[in-house]
Amino acid sequence: MVYELSNPVTKTLITHLRDQKSDALRFRHIVAELTKQLMYEALKEQTLVQKSIVTWQGEGKYDTIDEENIIVATVLRAGMPMLESAINLLVGATAGFLAMKRDEVTHKSVLYYDRLPDCKGKTVILVDPMVATGGSMMDAIELIKSREPLKIITLNIIGSPEGLEKVSTAYPEVDIFIAQIDVRLNGDKFIIPGLGDAGDRSYNTVE
């Protein structure tokens, strides 16, 4: 299922992301803020557990997310600002890393780095700012599924209708939370209007 955020603040932040005047620092900051919004929405129905802590009144048990059974995985490198934001919220969660590169001729993704922790029985939150063709996301989901997680959730900043339909059709059990669904893909498989290359804009790198 695809869930698109509708908050006016979300729309405003997306507009700031599109603005080419937003430098790398501001770009990463906005991505981090949008990730927080996505996390709040994605986990609003998460089952809570009781945790014993020591407060100013002594020891007590209080409701909390079971962070130790959550993995936040990212597709390098564009997803790094999202991962940092997510694990800053859930400090007990574990991080996982995948690296994929899009073949500019075939438009398919190639996996060249896999550093996922044990996913069995855990909730895996896959963060990736952009869903264009959906190919790299599907590859990442397929790999994560092979590790037997309890649930897979994806957090994305923008995506194309074509890519999102492809992913949600192939993996209807995966909940996709996205800040903005854009208009379409162009002939070169880039999102329109899009943001440009999120990785390059986050870290001032060029091809």
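Predicted model: local features only at pLDDT ≥ 70, side-chain atom pairs only at ≥ 80, totals over all residues.

Reply: Residues are numbered from 1 along each chain as its sequence is written, and side-chain values use heavy atoms, with hydrogens and water left out.

Me: What makes helix 2 oblique to helix 3?

Reply: Helix 2 (residues 24-42) and helix 3 (residues 80-89) pack at about 50°, their axes being 8 Å apart. Angles under 35 degrees count as roughly parallel, over 145 as roughly antiparallel, 65 to 115 as roughly perpendicular and the rest as oblique. Helix 2 is therefore oblique to helix 3.

Me: Which residues of helix 2 meet helix 3?

Reply: Contact means heavy atoms within 4.5 Å. Arg28, Val31, Ala32, Thr35, Lys36, Leu38, Met39 and Tyr40 of helix 2 meet Pro81, Met82, Ser85, Ala86 and Leu89 of helix 3.

Me: Why is Thr133 called buried?

Reply: Buried means under 20% relative accessible area, exposed over 50%, and partly exposed in between (1.4 Å probe, protein chains only). Thr133 has 17%, so Thr133 is buried. Thr133 is placed in the loop between strand 8 (130-131) and helix 4 (135-145).

Me: Why does Lys44 count as exposed?

Reply: The relative accessibility of Lys44 is 55%, and therefore Lys44 counts as exposed. Lys44 belongs to the loop between helix 2 and strand 2 (48-55).

Terms used:
Axes fitted to C-alpha atoms, helices over the stretch in contact; angles between N-to-C directions. Helix = DSSP H or I, 4+ residues; strand = E, 2+ residues; numbered from the N terminus.
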